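Subject: Structure handover

Hi,

Here is the structure I promised to pass on. Please load it first, then read the notes below.

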Amino acid sequence: GDVYKRQCLGTVDLMREKKAKLLKWIPFFTMLAILLAGYTILIFQISKDKNREVCIEVDNAVDRDETVGVEMHIVKSWDDKRKYGWDSSGAQYDGTIVNKSNYTLRDWRIVLLMPGKSHIDSSWNGTYTYEGNDIVYIPDDSIGMNVLPAHESNTFGMVMYSHGLMNIYRFQVIGYLDKQLTDYPLFYVMLCMTAVFLAMIIGNMVVVLRMRKLEQRRIMDEKIIIDTLQMLAKLIDAKDSYTNGHSDRVAEYAVLLAKEMHMKSDDIRFMRYMGLMHDCGKMGIPDSVLNKPDKLTPEEMDIIRSHTVLGGKIVENFTAMPGVRECALYHHERYDGKGYPEGLKGEEIPLLARIICVADSFDAMNSDRCYRKRLKKAVILEELKKNAGTQFDPQIAKLMVKLIEEGKVRCDE
């Protein structure tokens, strides 16, 4: 029946709600994962570049379009046959290195690619070593010469003797180029993505705060509605001293049944309203009939039964709560079609009215009435089982029995 369908649909709806909540977080966690991956790649690339030694070959010039420029000129020269023989020449070489890149050049050295053998007599701003015929110039790190900022230059020099005067034209600059974060295009991409991520967080926080305010307002509105309906329910129940608190209890049982059927949260909330208002038609029943301790005449029974029609009329314009009219009008219909006021049968009776019917009948059996004492738990369970499929929807009656047996609904002995 539609009770089983509603249970299945309710379960599906709950799964959809959970899935929807999870799906809301997917963009957030996806963006977070991308950011973490991006920054990991960026840090790895910076670390890799920082430890990667570069070797730049340059000619004897500083004005060419290269990363680093080196030039070395002979400032003065002389012959000195006494030092290295008849063709020995000495010269003072002054050199300049220019960092044309946008990066700091650190721990650098220059390899002077020599055309022949030579001998360094003295030097300044650094020291020299030999690699075969080639000379390696190492800047003096004690005065910070080994760090050359972007677009700056350093000077160095030496006095060198060789067999014949040598001009130096070719160099190798070896060192490390330190890039800044701003030198990586990925940094700007990550910066934009971080801004988007922060905007998502701020936007989500704004939405959450607004939703929280709306939820607080909804709770307050619901409290006002429930308080109002409870007040009306007490007015209804006050007409019959034996039904004091009846509407509240029916509402409670109806909510438990709705939850057991996995109905939507809105439907469960409405179910409470239905329970509170289901007997509103009793406002129009004379107290002499409603509280009569003796057996009612057929005419008086008709008057009592008319409370369903009166209730339907009272709430027929109450459109803010779907189903409230049907619950007031049809909660005394029977599943076998022998109820009132219209003799509806089976699933012709609105589901919410069938729920109220079971909850209402249980409370009637579990309460003292002017014509009898409350029934015992075993009798109530037997009545629910016996009348399942005749008076009650069999599935809803089965759920009510389950609630009683599990102790979720208490039977007063």
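Which residue in β3 is the bridge partner of Ile 74? It is Tyr 93. Before going further, please note that this is a predicted model.

**The four-stranded sheet**

That pair belongs to the contact between β2 and β3, residues 88-99. The two strands run antiparallel and are joined by 11 bridges. They sit in an open sheet of four strands, ordered β2-β3-β9-β5, with antiparallel pairing. At the edges are β2 (68-79) and β5 (118-124), each pairing on one side only. Ignoring direction, neighbouring strands in this sheet are turned by 25 degrees against each other on average.

**Ser 123**

Setting aside neighbours within four places in sequence, Ser 123 contacts Tyr 128, Gly 157 and Met 158. Now take Leu 214, 91 residues away along the chain. The C-alpha atoms of Ser 123 and Leu 214 are separated by 80 Å.

**The hairpin**

β6 (residues 126-131) and β7 (residues 134-139) pair antiparallel over six bridges. Thr 127 stands opposite Ile 138 of β7. Together β6 and β7 make a hairpin, with two residues between them. In the turn, Gly 132 has a positive phi of about 70 degrees.

**The nonpolar cores**

The largest nonpolar core has 47 residues. Those touching the most other members are Leu 257, Ile 355, Phe 362, Leu 384, Met 400 and Ile 404. Several helices supply at least two residues each, including α3 (185-238), α4 (246-260), α11 (377-386) and α12 (394-405). The biggest contribution comes from α10, with eight residues.

What does Phe 362 touch, not counting residues up to four places away in sequence? The list is Tyr 253, Ile 380, Met 400, Ile 404, Val 409, Arg 410 and Cys 411.

Another core lies apart from the largest one. This other core has 28 residues, among them Ala 91, Leu 148, Phe 156 and Met 166.

**Helix α4**

α4 has 15 residues. From first C-alpha to last, α4 reaches 21 Å, close to the 21 Å expected at 1.5 Å a residue. Its buried residues include Val 250, Tyr 253, Ala 254, Leu 257 and Ala 258. His 246 and Glu 260 are buried too. After α4 comes His 262, with a positive phi near 60 degrees.

**Helix α8**

Which residues of α8 (residues 307-314) are buried? They are His 307, Thr 308, Gly 311 and Gly 312. These four are on the same side of α8, because they cover an arc of only 140 degrees around the axis. An α-helix has 3.6 residues a turn, so residues three or four places apart point the same way. The cover over the buried residues of α8 includes α7 (298-305) and α9.

**Leu 191**

Leu 191 is in helix α3. Is it buried or partly exposed? Leu 191 is partly exposed, because its relative accessible area is 45%. Leu 191 and Tyr 39 are 152 residues apart in sequence. In space, they are 9.9 Å apart, C-alpha to C-alpha.

Best wishes

Methods: Residues numbered from 1 in each chain as written. Predicted model: local features only at pLDDT ≥ 70, side-chain atom pairs only at ≥ 80, totals over all residues. Heavy atoms only, no water. Core = buried A, V, L, I, M, F, W, Y, C linked by side-chain atoms within 4.5 Å. Buried < 20%, exposed > 50% of the residue type's maximum accessible area, 1.4 Å probe, protein only. Contact = heavy atoms within 4.5 Å. Expected span 1.5 Å × (residues − 1). Arc of directions from axis to C-beta. Pairing = 2+ DSSP bridges. Axes fitted to C-alpha atoms, helices over the stretch in contact; angles between N-to-C directions.
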